[in-house]
Amino acid sequence: MIRKLIGKVLRRPGKRVLHAKHYGVRREDIHSGALKVCDRLQEAGYEAYVVGGAVRDLMLGKAPKDFDVATSATPEQVRHVFNRSRIIGRRFRIVHVPFYERGGEEIIEVTTFRGAGEAPTDESGRILRDNVYGSLEDDALRRDFTVNALYYDPSREEILDFHHGVDDLEARRLVMIGDPGIRYREDPVRMLRAIRLSAKLGLDIAPPTRKPIAECAGLLQNIPSARLFDEMMKLLLSGRAWDCLMALKADGLHKYLFPVLDQLLKTPQTTAFLQKALANTDKRLAEDKPVSAGFLFAALLWHEVEASWQKKLAAGEHTVPALMAAMNEVETNVEKRLAIPNRYGAAMKEIWLLQPRFEQRVGSRPFRLFEQQRFRAAYDFLALRGECGLVDKELVEWWTQFQFCDDDTRSAMIARVTGPQKGPDRKRRRRKPTGKAGGAAKPGGESSGGAE
Ligand code: ATP
Ligand code: MG
């Protein structure tokens, strides 16, 4: 009893073996691909466990995002067992094992137990490569948080816990394994993971785990911009995007990912704009609907673009060239921190470029704008601006109405704004009104929620 108490106070590491079922983890909840990987590696004589987020999330009663496997087999040995698998990564070599399920390819990531041996680091202590292999105990020590170091053995239906992960999960506590300062220096992205997991799972970051973050924040500057982009995406798509941004700000981490946040929070309109864009994303995710990253980044960076655009307009530049120059400026600025992949960047820029075109309600222009592939996303963006007082509400209402009426009414609407006109070029009239209030006007077209 006393020994148990002392152990608790000192949190001495020690292996605990638990009946998985008692903790809500059942074989049938595990992805069939991950089960096959574990079973076949074990049959081949290796150790293999489902590890990390999947075990943690199942214990919390949440659906895991992905299923990762940890094994004693080296990447080459794993390759040997699964002939369609491929080894990827250099800094951290892992094996992707593909499975074809529900008509698509699903990947199970298999990592070899990392060793406790010295990994090469840069002058700030950042680990450059982590390909030294070791035992299961070593592997548990190299993981980030105690709740992420739980190993599920599907054949024995047991959970192995080396660092009090189960206690911490029950206490809703996020605790770094080892010395938090050293662990953040080894990999500064762990600070972003702490923020995200705490917001997403409702865990409190333990004070010793939180403390070094403020002083280590600057180390994020050394992280490649592609990796920062990936982490930013995970934060934004965590289902608790606003909470994540507020937590980043509280610890000063936003400066390295999203410095414009300080500016955005200065006015009620821009604060509301950001909050609504993120709340909309969280809501779509909760409803299992796809989210457009292009739309999200268009919203996050719009303030920067608009400020520079307005400056150029005030200096006498023309609307569209001024907007394009402002976009380029912001893009160059952002690229230094986040490498936004082209597929998202292109959608983001189209949404921005269509904004001034909503103001041009003359002749056939509204008809041409309505035919744009990204009309729907651009309109949703305009509506968001309208809701927050960043654009005239009358303009938004006009466009809402324009989408859902027939061509004659549309021409009459244009005439009301601009005086009698010749009317639209009849040949252009291809689209029929849908009659659906508030629904997407474009079958198969781009919407703010469309996956990209
Ligand atoms: P989720 O998949 O829900 O975002 P996760 O914890 O599973 O969360 P992954 O990125 O899938 O996150 O990582 C799988 C596991 O790998 C983690 O649970 C953790 O054990 C380990 N891990 C991931 N990133 C790091 C890191 N930077 N340092 C140490 N261990 C890490
Ligand atoms: Mg995971």
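The lining of the largest pocket divides into 7 nonpolar, 5 polar and 22 charged residues (Ala, Val, Leu, Ile, Met, Phe, Trp, Tyr, Cys and Pro count as nonpolar, Asp, Glu, Lys and Arg as charged, and the others, Gly among them, as polar). This is a predicted model, where local features need pLDDT of at least 70 and side-chain atom pairs count only at pLDDT 80 or more, while totals for chains, interfaces and linings use all residues. Residues are numbered from 1 along each chain as its sequence is written, chains are lettered from A and ligands numbered from 1 in the order in which they are written, and side-chain values use heavy atoms, with hydrogens and water left out.

A pocket here is an open set of points on a 1 Å grid over the protein atoms alone, with protein on both sides within 12 Å along at least five of seven lines, and its lining residues have an atom within 4 Å of a point. The largest pocket has a volume of about 1,300 Å³ (the space filled by probe spheres set on the points, which are joined across faces, edges and corners). Of its 34 lining residues, Phe 92, Glu 109, Arg 193, Arg 227 and Lys 234 lie nearest the centre. Helix 8 hands over the largest share of this lining, 6 residues (helices are DSSP runs of H or I, at least four residues, numbered from the N terminus).

Ligand 1 sits in the largest pocket, meaning that more than half of its atoms lie within 2 Å of the pocket's grid points. Helix 3 (53–59) and helix 8 (189–201) are the elements that give two or more residues to the shell around ligand 1. That shell counts 16 residues, with Arg 56, Asp 187, Arg 190, Arg 196 and Lys 200 the closest (a residue is near if one of its heavy atoms lies within 4 Å).

As for polar contacts (pairs of N or O atoms within 3.5 Å), oxygen atoms of ligand 1 lie 3.3 Å from a side-chain N or O atom of Asp 66 and 3.2 Å from one of Arg 193. Taken alone, ligand 1 exposes 590 Å², and the protein buries 84% of that (Shrake-Rupley method, 1.4 Å probe).

The second largest pocket has a volume of about 600 Å³. Lys 65, Lys 234, Leu 237, Ser 238 and Leu 285 lie nearest its centre, among 21 lining residues. Helix 10 gives the most to this lining, with 5 residues.

How values were computed. Polar contact = N/O pair within 3.5 Å; in protein donor to acceptor, adjacent residues only side chain to side chain. 1 Å grid on protein atoms, 1.4 Å probe; cavity = no way out; pocket = protein on both sides within 12 Å on 5 of 7 lines; lining within 4 Å.
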